[in-house]
Amino acid sequence: MAKTVSEQFVEILAAAGVKRIYGIVGDSLNGLTDAIRRQGKIEWIHVRHEEVAAFAAGAEAHLTGELAVCAGSCGPGNLHLINGLFDCHRSRVPVLAIAAQIPSAEIGSGYFQETHPERLFQECSHYCDLVASASQMPRALEVAIREAVGKRGVSVLVLPGDVALQPAAAAPAAKLLGLLPPAPVITPTKNNLDRLAALLNGDSRVTILCGSGCQGAHDELLALGARLKAPMVHALRGKEHVEWENPYDVGMTGLIGFSSGYYAMRDCDVLLMLGTDFPYRQFYPEGNAVRIAQVDLRPENIGRRVPVDLGVVGDVRATLTALLPLLKQKRDGKHLSQAQQHYAKSRRELDDLAKGTSGKRLIHPQQIAKALSDQAAADAIFTCDVGLPTVWAARYLAMNGKRRLLGSFWHGSMANAMAQAIGAQAVYPGRQVISLSGDGGFTMLMGDFISLTQLKLPVKVVVFNNGTLGFIELEQKSTGFLEFGTEFNNPNFAAMAKAMGIYGVRLEDPADVEPGIAAALAHDGPVLIDAVVNRTELAMPPSITLEMAKGFTLYMVKAIMSGRGDEIIDLAKTNLWR
C-alpha cells in the first residue's frame with residue numbers, strides 16, 4: 001500500500017528526534033495516531049486534558065532544549081492546547097503543536113466543531129499554517145520544525161483528518177542537519193566589547209543582574225564577579241543557572257525577591273544586565289545616576305524595560321569570554337561586601353520563617369519548601385505553580401547546578417506545575433520530580449493527577465493546602481481590599497489520593513513535616529503530600545514598601561469595621577509583623 005500523509009508525517013518527526021507526543025486522541029487524529037502506533041518509534045503520552053499536553057511538552061523542551069510535540073483533535077480538542085502553548089511560546093521553548101482539523105471539504109461551512117486554528121494560534125506561535133494537500137505537507141512540517149527550533153518558540157501545523165489519510169506525495173527524506181541546523185553563537189563586535197569594558201573598568205560600583213540567558217555561563221559569571229568585585233542579583237528565571245556555589249550572588253529581586261537583591265541594584269553606579277528581560281520597572285534604578293549596560297541575544301529585548309546607556313547583542317557566555325581579557329582587576333570590595341552582608345541577613349530572616357514548632361497546629365509553608373529542598377535528590381526537578389508556590393520555590397529551593405526549576409514564569413498561568421511535572425518525569429523517568437502545587441492550581445487540572453498512575457510516573461505532588469487563592473488574597477489585602485472570591489472548601493487531598501491508589505500523606509502538624517516528606521520522597525511511585533498550611537502567611541519581602549503598608553492599614557481598618565477583627569489577630573499570630 002502507498003504511504004499515507006500521516007506515515008510520512010511521523011517519519012519526519014522521528015528524523016527530527018521526537019520521542020513522544022502528548023495529547024488526547026480523537027477522530028480527526030485517527031490517521032496520525034494509528035501511524036504512530038504502527039511505527040513504534042514515538043510514544044503517545046495519553047493525558048486527560050490537552051492543556052496538560054501543552055504544558056508537559058513545554059517542560060520537556062525546557063529541560064532538553066530539543067523539540068517537543070503535543071496534539072489536539074479538531075475544534076475543542078486543539079483549543080484546549082492554547083493556554084499551555086502561550087506559556088511555551090513566552091518561555092521560548094521549541095514546541096510543535098499538531099492541531100487536527102475537520103474534513104477539508106467542510107471548512108467554511110459552519111460544520112460541527114469547526115474552528116480556524118491557523119488564525120487562533122497566530123499570537124502564540126512563530127509559524128502557524130494549514131496543510132491543505134498531501135504535496136504541501138512535507139515542506140510545511142519541515143518549516144514548522146525549523147521555526148520552532150531556530151526561533152525558540154511554538155509552531156502550529158493544522159492538519160485536516162482527511163488530508164492525513166491521503167496518499168503521501170513523493171518527497172526526499174529529511175536530513176537531520178538541514179532539518180535541525182545548529183544554533184549560532186553570537187559574539188559582539190570588538191567596538192562594542194571595548195565600549196562595555198570601558199564602562200566597567202572605571203572606579204564605579206558595579207552590580208550585575210542575571211537572567212535565564214546566563215544558562216551555561218556559570219564559570220564565566222564567577223570570573224566576572226571576581227574581576228569586578230560585583231554583587232550578582234538574579235531574576236527568577238536566572239535562579240537555576242546563577243545562585244549555586246556563587247559567592248557573588250546576593251539574592252533575587254522583585255516583589256517575591258530579597259531586599260538584598262533590590263538594594264544591590266539600586267545602590268550602584270553601573271548596572272550590567274546579562275541575559276535578562278526582567279519586566280518590573282519599579283525595581284530598576286531611577287533617574288540617570290546609574291548607568292546601565294544590557295547584554296542580550298535578542299536585540300528587541302534591549303532597552304524595553306529601562307533606558308540603557310549601552311546595548312550589546314550577543315550570547316552571554318561568548319560575550320563574557322571575549323570581555324574578560326579586557327577588564328581590569330578591581331581592588332575595592334566594599335560594595336560587594338555590603339551586599340553580601342545584607343544578603344546574609346535577609347537569608348537568615350527568611351530561614352527563621354521556615355522553622356516549625358512541634359505540637360503547634362500551624363504549618364508555615366516556608367517549612368514545607370525548605371524541607372523539600374533539604375531532602376530532595378541532588379538532581380531533582382522542581383515545578384511550581386504561579387502564586388505562593390512560586391514565592392516559596394524562589395526563596396527556599398536551593399539550586400546546585402544539577403537541579404532544575406520550571407514554572408509559568410512569563411505567562412503566569414495557574415495549574416502549570418503538575419502538568420509540567422508529567423513532561424519532566426516522562427523525559428527523565430529515573431529522576432526525582434516534585435511539583436509544588438497550590439490548591440487552586442492543583443484542583444484546576446486535577447483530572448490529570450490520575451494520569452500519574454496510568455502512565456506510571458512517580459511524580460511527588462505537594463499541595464500547599466491553605467484553602468484560598470493565597471497570592472490573590474494577599475494582593476487584595478495589600479491594596480486595601482477585603483478578600484473576595486478567593487476561598488476554597490477543599491477535601492482531604494491525601495484521602496482522595498488513596499482512593500485513586502496513590503500514596504497520600506497529610507501534614508497538619510509542624511512536627512510531622514520532616515518525617516512525612518522523607519517518607520513521601522522515598523516512596524517508589526506517585527505521591528500526594530497534602531500540606532495544610534497557614535492561610536494568613538504574609539509573603540511580602542521583609543521590608544514592605546510604603547504603598548503596601550498603606551494598603552494593609554486600609555485593609556485592617558475595613559476588616560475591623562466589617563466585624564472581622566479576628567483576622568487581624570490571626571495575622572499578628574503569624575509573628576510576621578515584626
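**Cavities, cores and an open sheet in a predicted model**

The largest cavity has a volume of about 110 Å³. A cavity here is a set of points, on a 1 Å grid over the protein atoms alone, where a 1.4 Å probe fits but cannot get out. Grid points are joined across faces, edges and corners, and the volume is the space filled by probe spheres set on the points. Lining residues have an atom within 4 Å of a point. Of the 14 residues that line the largest cavity, H62, D87, S91, G407 and Q420 are the closest to its centre. Helices α3 and α5 and strand β14 (404–407) each supply at least two residues of this lining. Three cavities of 30 Å³ or more are counted in total.

The model is predicted: local features need pLDDT of at least 70, side-chain atom pairs count only at pLDDT 80 or more, and totals for chains, interfaces and linings use all residues. Residues are numbered from 1 along each chain as its sequence is written, and side-chain values use heavy atoms, with hydrogens and water left out. Helices (H or I, at least four residues) and strands (E, at least two) are DSSP runs, numbered from the N terminus.

The largest nonpolar core has 52 residues. Such a core is a set of buried Ala, Val, Leu, Ile, Met, Phe, Trp, Tyr and Cys residues joined through side-chain atoms within 4.5 Å. Buried means under 20% relative accessible area, exposed over 50%, and partly exposed in between (1.4 Å probe, protein chains only). C70, L85, V95, V156, F442 and F449 have the most contacts inside the core. Elements that each supply at least two of its residues include α3 (50–64), β3 (68–72), α5 (82–91) and β4 (95–101). The largest share, nine residues, comes from α3. Leaving aside neighbours within four places in sequence, F449 is in contact (heavy atoms within 4.5 Å) with M418, F442, V461, M496, A497, M500, I502 and L528. Another core, of 43 residues, lies apart from the largest one; M252, L388, L405 and I517 are among its members.

Six strands form an open sheet with parallel pairing, in the order β9-β8-β7-β10-β11-β12. Two strands pair if DSSP finds at least two bridges between them. Strands β9 (249–252) and β12 (310–313) stand at the edges with a single partner strand each, so one side of each is left without a neighbour in the sheet. The twist averages 20° from one strand to the next. Axes are lines fitted to C-alpha atoms, for helices over the stretch in contact, and angles run from 0 to 180 degrees between N-to-C directions. Four bridges join β11 (residues 291–296) to β12.

In α1 (residues 5–15), V5, S6, Q8, F9, V10, I12 and L13 are buried. Just after α1, G17 takes a positive phi of about 90°. S451, in helix α20 (residues 451–454), counts as buried at 1% relative accessibility. Residues up to four places away aside, S451 touches H46, V47, R48 and K456. L79, in helix α4 (residues 76–79), is partly exposed, with a relative accessible area of 31%. Beyond four places in sequence, L79 touches T115, L120 and F121. L79 and W392 are 313 residues apart in sequence and 32 Å apart in space, C-alpha to C-alpha.

Conventions: 1 Å grid on protein atoms, 1.4 Å probe; cavity = no way out; pocket = protein on both sides within 12 Å on 5 of 7 lines; lining within 4 Å.
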